[in-house]
Amino acid sequence: MKGEFAFRFGVAVMWTGDRAGLAEESRKAEKQGFDVIGFADHLGFPAPLPALALAAAATERVRVN
């Protein structure tokens, strides 16, 4: 195979805590070098879209998924 392959590392989150804690954990994941923060969509857990928006607003370069 030709070319370079860039690896991205992600963390999957199932968050049930408060907004401030999620923002801090998102910044912490970014600081540790993660490229992607993902939120699962499971029954019994909060909707992932608000958490994705909060993580995106709290960080500068990570992708949310």
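What share of the contacts in the protein chain with a separation of 6 or more comes from residues 24 or more positions apart? The answer is 71%, where a contact means heavy atoms within 4.5 Å.

## Ground rules

This is a predicted model, so to speak of local features we need pLDDT of at least 70, while side-chain atom pairs count only at pLDDT 80 or more, and totals for chains, interfaces and linings use all residues. Residues are numbered from 1 along each chain as its sequence is written, and side-chain values use heavy atoms, with hydrogens and water left out.

## The overall layout

The protein chain has two helices and three strands, and from the N terminus on they run β-α-β-α-β. Helices (H or I, at least four residues) and strands (E, at least two) are DSSP runs, numbered from the N terminus. The C-alpha atoms fill a box of roughly 45 × 25 × 15 Å, taken along the principal axes.

Of the 65 residues, 29% count as buried. Here buried means under 20% relative accessible area, exposed means over 50%, and partly exposed is in between (1.4 Å probe, protein chains only).

The three strands form an open sheet in the order 1-2-3, with parallel pairing. Strand 1 (10–13) and strand 3 (63–64) sit at the edges with a single partner strand each, so one side of each has no neighbour in the sheet. Two strands pair if DSSP finds at least two bridges between them; strand 1 and strand 2 (residues 36–39) have four. Strands of a sheet pair through backbone hydrogen bonds, either parallel or antiparallel.

Gly 10 stands opposite Val 36 in strand 2, and Val 13 has Phe 39 of strand 2 as its bridge partner. To get from strand 1 to strand 2 the chain goes through helix 1, in a right-handed β-α-β crossover. Right-handed means that, with the strands pointing away from the viewer, the path from the first strand over the helix to the second runs clockwise.

Which residues of helix 2 are buried? They are Pro 48, Ala 51, Leu 52, Ala 55 and Ala 58. Seen down the helix axis, these buried residues fall within an arc of 135°, so they line one face of helix 2; the arc is that of the directions from the helix axis to the C-beta atoms. An α-helix has 3.6 residues a turn, so residues three or four places apart point the same way.

The buried residues of helix 2 pack against helix 1 (19–31), strand 2 and strand 3.

## The nonpolar core

The largest nonpolar core has nine residues: Val 13, Leu 22, Ala 29, Ile 37, Phe 39, Ala 51, Leu 52, Ala 55 and Val 62. Helix 1, strand 2 and helix 2 each give two or more residues to this core, and helix 2 has the largest share, three residues. A nonpolar core is a set of buried Ala, Val, Leu, Ile, Met, Phe, Trp, Tyr and Cys residues joined through side-chain atoms within 4.5 Å.

Take Ala 51: leaving out residues up to four places away in sequence, Ala 51 touches Leu 22 and Phe 39.

Where is Val 62 found? Val 62 is in the loop between helix 2 and strand 3, and with 11% relative accessibility Val 62 counts as buried. Setting aside neighbours within four places in sequence, Val 62 is in contact with Glu 30, Phe 34, Asp 35 and Ile 37.
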